[in-house]
Structure formats: structure tokens, C-alpha cells
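Look at the fold below.

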Amino acid sequence: VPALLARWAAEVPERVWLAQRRGPDRQWLEVTYGEAKRQVDAVTQALLDRGFGPDRPVMILSSNSIEFALLTMAAMQARAPVAPVSPAYSVMSQDHAKLRYIFDLIRPGLVFVQNGEIYAKALAALDLEGVLLVHVDKAPPERQSLPWSELVATRPGDAVARSLAEIGPK
């Protein structure tokens with residue numbers, strides 16, 4: 001899958017890859033193939049810099065978003081397993097038992113939330129000691145969390161190409 005993003009970013013960098021309505025006016029936010037490739041490579045480097053790979057998974061607790069897709073692609077490029085978890089286990093559950101079960105099963109090194117305030121109760125139900133928490137819109141209250149903007153600001157290096165070269169059947 002990462003090879004397809006690279007191909008289309010090279011062939012049609014200005015073509016829209018993803019679009020999502022955002023904000024109070026529900027305006028379209030669009031990401032082109034070229035911009036997506038730049039952001040995915042930056043996030044891949046950020047993941048690799050923090051030791052993510054085949055033995056250190058990423059858990060996504062949010063509904064679909066552009067950042068959700070970019071993180072998923074970056075984790076693929078870093079060869080890190082990705083576990084998107086149904087938002088119902090986080091925002092509708094009262095006891096978070098299923099969420100805790102999944103968390104304990106996969107032992108993620110990173111937990112991603114689009115909006116930390118919405119997922120605050122779910123995050124409080126998890127033992128996040130040693131887990132990198134990343135948010136996009138609002139940081140979760142009373143929790144240390146890295147803004148998404150810091151991941152996409154990472155400058156990609158040779159480690160991204162080396163990780164991509166290692167992707168293949170085993």
C-alpha cells in the first residue's frame with residue numbers, strides 16, 4: 001500500500017487523495033497525494049525515531065479522519081501494526097472493559113485520538129504508563145499528550161527509505 005501512495009504522489013502530486021468536511025462551517029479539507037506523501041514520510045520518521053516497528057504497535061481510538069489515514073499509512077511504512085478500535089468502545093461504553101481488553105492484548109506504544117476531550121474517560125480507563133499519547137484537535141485534560149503537528153513537522157531521513165525497503169512477504 002505505501003508503494004501506491006508513492007506512485008501516485010510522483011505521478012499526480014496535486015490530485016486530491018482524501019477530503020473531509022471540517023469545522024463549524026463544514027468546509028472541505030483536502031489533502032493531495034503529494035502532501036499526503038510528505039506528511040506520511042514525516043510521521044513515519046517520527047515513529048521510527050521513537051522506536052516503533054513490528055514489535056511496537058499503534059492504537060487508534062478515533063473515528064475516521066485524514067490524520068487517522070495518514071497515521072495508518074505511516075505506521076505501515078514503519079512496519080508497525082495498527083489497531084483501529086471502534087469509537088463505541090471508547091465514547092459509548094460506561095465500563096470500557098472491551099477497550100481495556102484490546103489495549104492489554106496489543107500493548108500499544110502509541111495511542112492516537114482526534115480530540116482528547118472526547119476520549120478523556122476512555123483514556124482514564126487505560127494504563128498509559130510508557131505509552132505515547134497523540135492528539136489532533138484538543139489535548140486530553142490532565143494528560144501528557146503530543147500534538148499531531150509535532151509528528152508532521154518531523155524531517156524525514158534515510159530511515160524511512162530503509163524501512164520501506166524492508167516491507168515485503170516474510
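Q: Which residues in helix 8 does helix 2 meet?
A: Contact means heavy atoms within 4.5 Å. Helices are DSSP runs (H or I, at least four residues), strands are E runs of at least two, and both are numbered from the N terminus. From helix 2 come K37, D41, T44, Q45 and L48. Their partners in helix 8 are A159, V160, S163 and L164.

A note on the source: this is a predicted model, where local features need pLDDT of at least 70, side-chain atom pairs count only at pLDDT 80 or more, and totals for chains, interfaces and linings use all residues. Residues are numbered from 1 along each chain as its sequence is written, and side-chain values use heavy atoms, with hydrogens and water left out.

Q: How do helix 2 and helix 8 lie to each other, parallel or perpendicular?
A: Axes are lines fitted to C-alpha atoms, for helices over the stretch in contact, and angles run from 0 to 180 degrees between N-to-C directions. The two axes are 9 Å apart, at an angle of about 90°. Angles under 35 degrees count as roughly parallel, over 145 as roughly antiparallel, 65 to 115 as roughly perpendicular and the rest as oblique. So helix 2 and helix 8 are roughly perpendicular.

Q: What is the orientation of helix 2 and helix 3 to each other?
A: Helix 2 spans residues 33-49 and helix 3 spans residues 66-77. Their axes come within 8 Å and cross at roughly 55°. Therefore the two helices are oblique.

Q: Which residues have the most contacts inside the largest nonpolar core?
A: A nonpolar core is a set of buried Ala, Val, Leu, Ile, Met, Phe, Trp, Tyr and Cys residues joined through side-chain atoms within 4.5 Å. Buried means under 20% relative accessible area, exposed over 50%, partly exposed in between (1.4 Å probe, protein chains only). The largest core has 32 residues. Those with the most contacts inside it are L47, L71, L110, F112 and W148.

Q: Which residues does F112 touch?
A: Residues up to four places away in sequence are not counted. F112 then touches M59, I60, L61, S62, E67, F68, L71, V134, V136 and W148.

Q: Is V82 buried or partly exposed?
A: V82 lies in strand 4, residues 82-84. V82 touches V58, I60, T72 and A75, leaving out residues up to four places away in sequence. Its relative accessibility is 26%, so V82 counts as partly exposed.

Q: What separates the C-alpha atoms of V82 and L71?
A: Along the chain, V82 and L71 are 11 residues apart. Their C-alpha atoms are separated by 8.9 Å.
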